[in-house]
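Trainee: I am new to this structure and would be grateful for a close look at a single part of it. Please describe the place where the two chains meet, and set it in its surroundings.

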Amino acid sequence: MRRLLLTAPLAAAALLLTACGTTEPAADDAKASTEAITLTDATGAKVELDGPATKVVGTEWNVVESLVSLGVDPVGVADVKGYKTWDTAVPLKNDPKDIGTRGEPSMDTIASLKPDLIVTTSDLQPGAVKQLREVAPVLQVTSADAADPIGRMLENVDLIARATGTTERAATLKKDFEAKLAEGRKALADAGLDGAEIAFADGYVTSNQVSVRPYTAGSLIGAVNERLGLKNAWKMKGDEAYGLASTDVEGLTGLGKVHFVYIGNDDDPSSDPFGKELAKNSVWTSLPFVKSGDVHRLSDGVWMFGGTGSMEAYADSLVAALTK
Amino acid sequence: MAVTAPTTPARPATVTSRAGAAAVTTALVLLVAALAVVDITQGTAAVGPAEVLKALTGRADPADASVVIASRLPRAAAGLLVGAALGMAGVALQAVSRNVLASPDTLAVNAGSYLALGLAAVTGVSLPLLASSGIAFAGGLAAAAVVLGLSGLGAGTVRLVLAGTALALGLTAVTEGLLLLFPEQTEGLYQWNQGSIGQNGFEGVVQMLPVAVLGLVGLLLIARRVDALALGDDAARGLGVPVRATRITAVVLATLLSAAAVTLAGPIGFVGLCAPALVRPLARRFRGFARVRTAVPAAGLVGAGLVLGADVLLRACVDPDTAVAVPTGVVTSLVGAVFLVVMAARLRDTAQAAAPDRLRIRSRAVFLTTLAVLAVALVALTVAAVLLGDSKLLLGDVAHWVQGRAGQTVSFVLDTRTPRVFAALLAGAALALAGTLVQAVTRNPLAEPAVLGVSGGGALGAVILVTTVPLAGAWSVAGAAFAGSALTAVVVFGLAARGGFQQNRLVLVGVGVASGTTALISLLIVLTDPFNATKALTWLSGSTYGRTLPDVLPLAGVLAVAVAVAAVRHRELDLVSLDEDTPRLLGLDLPRGRLGFLVLSVLLSATAVAAAGTIGFVGLVAPHAARALVGRRHARVLPVALLLGAVLVCTADLLGRTVISPAQLGAGLMTAVIGTPYFLYVLMRGRR
């Protein structure tokens with residue numbers, strides 16, 4: 001302790017000596033504003049921009065996906081590695097800076113990117129959003145809404161498009177999305193699957209326990225399923241934002257004869273219980289849809305909470321799986 | 001002969017005792033069987049009693065039968081196995097340590113297993129169950145060895161529990177750091193840590209059964225020797241029992257049992273503590289249960305009953321799909337926390353409080369030097385904390401910022417970074433002051449807000465408010481934290497008041513309350529915000545993330561008042577911390593003075609929680625170190641402790657923000673990593 005106490009002032013002096021100078025010149029004049037944009041975000045806060053934002057940071061994967069789809073390559077993305085694993089439907093086109101975890105993105109890193117817009121969701125804690133507002137204009141979107149999942153997603157795309165000056169592109173995205181759903185609906189109807197019951201879920205394994213997460217009618221995937229002319233087989237109520245519920249393997253016995261669909265990921269060994277761990281489980285093997293081979297794993301990298309790009313990839317993958 | 005002691009009261013005849021024991025055992029078996037049957041009829045599938053009956057008689061339709069066979073029965077079997085294993089492990093550990101509070105939880109066995117499994121998960125290798133059981137066993141055994149080694153066998157109940165709890169906190173902090181750092185690889189590990197007995201088929205039970213049987217048989221084989229240990233080491237040695245070998249064998253077997261349970265279901269809290277405690281009254285009535293050979297199976301039965309009972313209770317109270325999300329371990333933890341508190345409150349406090357620090361008279365020069373050095377260190381650290389981060393700044397930047405003419409980036413960074421630095425500095429100082437006050441008033445060198453559960457209560461209050469009112473302001477969060485802290489403080493101090501605060505009972509009750517609040521916070525998060533484990537971790541681990549200046553104001557206000565009060569009344573603190581009689585002789589109103597200081601420390605810890613979550617150990621480490629540096633006089637201890645606390649938390653926060661940037665760790669995790677070894681060191685020193 002004594003030695004520590006003696007070295008501390010030395011270290012302090014050294015620190016003070018080396019820390020002089022500046023990393024950035026003092027601010028001089030503000031840059032002239034052109035075609036300013038004013039919007040109201042999901043929290044009712046006013047967002048004022050000097051012009052269409054180009055240096056944009058996204059703290060959640062769904063907004064990052066929307067940005068990429070709109071042709072705006074974000075300069076900062078939370079958990080880049082995770083995004084690359086779970087959202088290959090809309091891959092990053094640039095090499096954005098990793099700003100830390102989705103739950104606690106780093107203020108410093110975001111600030112050092114000097115963004116002219118930060119897009120975040122209602123999942124980020126209020127205190128952090130308050131701080132981000134000091135860093136740059138913050139566009140906070142409601143992450144999800146079980147009352148109208150698709151409407152919420154499209155509204156978010158619109159909001160982001162207006163802030164980035166890409167409303168035309170957004171219109172195209174929406175048109176393509178609707179077209180994709182209509183096309184999928186027709187393909188399914190042609191295959192005689194109109195009104196067929198579908199149960200989408202994801203699951204994970206810890207130790208010897210299998211947890212199943214049903215995507216109820218209030219989830220984005222559930223809503224897309226309905227637009228494709230399918231009927232959601234889950235009867236439980238999901239949470240108010242994402243429309244997700246929780247159950248276990250025996251909870252699947254109430255489903256009856258449905259199409260069981262899920263998404264896993266090869267890079268995450270615990271994400272495919274339906275394909276691996278449950279193979280010898282007699283509850284699973286006695287389920288009607290398992291017996292009839294009606295269990296479909298869709299392609300990896302479709303982010304279940306993503307934007308139009310992920311949902312189009314989902315529709316394609318689903319139609320291909322069901323009509324095979 | 002007339003003067004000899006009266007004849008010993010007639011003992012019940014051995015025959016009736018044996019019959020009684022048999023009757024009790026039969027009753028226990030029936031109870032566990034009944035619980036198992038009820039458990040089998042509960043679940044998410046529409047398979048009730050009628051279908052179960054049909055399935056068991058082979059007349060059900062195949063789907064229902066498969067639910068019973070592949071889901072319900074394995075779950076009930078896992079409950080039986082886990083409960084029995086933990087109960088038996090508890091008996092063995094209590095017998096060899098001659099300590100009624102020893103258990104897999106209090107020896108950090110579960111925490112060791114949890115960390116070992118977390119490390120394995122991070123490497124990304126998917127392990128077969130038996131291998132992960134081996135890893136859990138190794139982790140648990142290592143933790144138990146450390147705790148038993150540090151606390152000494154058969155000596156202090158309190159020291160054992162405190163060493164175990166402290167190590168568990170430190171290990172869990174590391175594991176939680178892993179969870180935050182590797183969210184994808186460790187997905188589900190947080191839920192798993194709460195303990196849940198659901199099973200995917202019989203495979204797991206079948207694999208773990210031999211391990212548990214091995215543990216049981218081993219314990220029964222050495223039962224006689226373990227019995228001999230109850231007589232004391234020397235007496236046992238006199239009987240030709242190899243004391244050391246017996247002890248080590250028993251601990252290894254008990255760890256084997258708990259590792260099997262942990263692998264199968266995650267840590268199911270406190271069963272290993274409660275089951276033997278429930279058997280003990282039986283042993284008083286029926287002497288048969290007093291022997292390890294019978295106590296082990298009996299505690300196994302009681303443990304199985306506890307786990308199955310918790311599962312049945314949970315499924316009876318909430319709807320099936322919610323019940324899936326609520327881990328069984330949270331329920332047993334809650335029950336167990338109450339149990340620990342009750343036991344601690346009734347425990348005869350045989351163990352001496354750790355000897356007070358040796359009275360050191362330090363010269364004024366030493367004090368002034370220490371103060372100066374700490375002040376310089378604090379300034380340097382503050383400068384470093386402001387300059388360092390994901391983006392490094394220089395002093396000139398700060399100068400510009402202070403004058404309001406800094407460039408954009410620098411302003412951004414400093415606007416967000418300075419509140420965090422303030423929060424860390426003030427929270428550290430507040431916790432150090434709270435610790436100093438509590439230690440003085442209770443004359444208990446191990447007392448501190450986090451260990452006493454006061455911080456946990458504050459976090460619970462804050463989490464309740466934050467989950468019900470999403471946009472709660474800084475003052476209301478601080479208010480809620482204070483309400484929670486005050487409530488827990490009343491409970492803890494109230495229960496410990498009998499016989500004076502100086503007793504170790506205070507710390508034990510506090511530890512119980514602290515684990516209870518942790519379980520309640522987990523339960524609350526699972527029920528209201530199931531997909532947000534980060535939220536719970538942030539509150540439980542202590543983090544300055546996202547703090548703004550207004551959030552820090554309540555803390556600053558309370559700290560200013562508290563420092564003023566403590567400065568004015570430092571002589572009273574000296575007297576209170578001396579002994580029971582001196583202040584009274586001097587005509588001091590002891591109860592009122594104590595209450596005032598306690599209220600102040602509760603306020604301090606509550607506002608610190610509201611500003612930075614639960615940060616443990618600072619309230620312990622800072623006053624100790626201060627006394628070691630400048631002696632016991634509060635006029636000197638107070639400023640040094642304040643500075644030390646601020647330095648400690650600020651360092652932890654700085655490291656947490658920078659070491660793994662852009663990701664970050666909570667300051668509380670860092671202080672736990674630093675504080676745990678110190679806590680163990682203090683315990684060690686008290687032993688001599």
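**The interface of chain B and chain A**

The structure holds 22 salt bridges, counted over all chains. The model is a predicted one, and that should be kept in mind throughout. Among these salt bridges is one between the side chains of A:Arg213 and A:Asp202, with N and O 3.0 Å apart. This pair joins distant parts of the chain, for A:Arg213 belongs to strand S9 (residues 209–214) of chain A and A:Asp202 to strand S8 (residues 197–206) of chain A, the two residues being eleven apart.

Between chain B and chain A, the count is two salt bridges. In one of them, A:Glu250 is paired with B:Arg72, and the closest N and O atoms are 2.7 Å apart. Side chains of opposite charge can pair when their charged atoms come close. Ten residue pairs are found in polar contact across the interface of chain B and chain A.

On the side of chain B that touches chain A, the elements giving two or more residues are helices H3 (62–97), H7 (189–194), H11 (243–265), H14 (320–325), H16 (364–387), H17 (395–402) and H18 (408–442) of chain B. By class, this side of chain B has 37 nonpolar, 29 polar and 13 charged residues. In total, 79 residues of chain B are in contact with 71 residues of chain A. The two chains bury about 6,000 Å² between them, and 56% of that area is on carbon and sulfur atoms.

For the surroundings, one may turn to a helix pair within chain B. Helix H20 (residues 474–496) and helix H21 (residues 505–528) of chain B pack at an angle of about 150°, and their axes are 9 Å apart. The crossing of H20(B) and H21(B) is right-handed. Residues making this contact include B:Val491, B:Val492 and B:Phe493 of H20(B), together with B:Leu506, B:Val509 and B:Gly510 of H21(B). By class, the contact of H20(B) with H21(B) has eight nonpolar residues, three polar and one charged.

Technical notes. Residues are numbered from 1 along each chain as its sequence is written. Chains are lettered from A and ligands numbered from 1 in the order in which they are written. This is a predicted model: local features need pLDDT of at least 70, side-chain atom pairs count only at pLDDT 80 or more; totals for chains, interfaces and linings use all residues. Side-chain values use heavy atoms; hydrogens and water are left out. Contact means heavy atoms within 4.5 Å. Buried area is the accessible area (1.4 Å probe) that two parts lose on being put together, summed over both. A salt bridge is a side-chain nitrogen of Lys or Arg within 4 Å of a carboxyl oxygen of Asp or Glu. A polar contact is a pair of N or O atoms within 3.5 Å; within protein, one must be able to donate a hydrogen and the other to accept it, and residues adjacent in sequence count only if both atoms are side-chain atoms. Helices (H or I, at least four residues) and strands (E, at least two) are DSSP runs, numbered from the N terminus. Ala, Val, Leu, Ile, Met, Phe, Trp, Tyr, Cys and Pro count as nonpolar, Asp, Glu, Lys and Arg as charged, and the others, Gly among them, as polar. Axes are lines fitted to C-alpha atoms, for helices over the stretch in contact, and angles run from 0 to 180 degrees between N-to-C directions. A crossing is left-handed if the near helix is turned anticlockwise from the far one by less than a right angle, and right-handed if clockwise.
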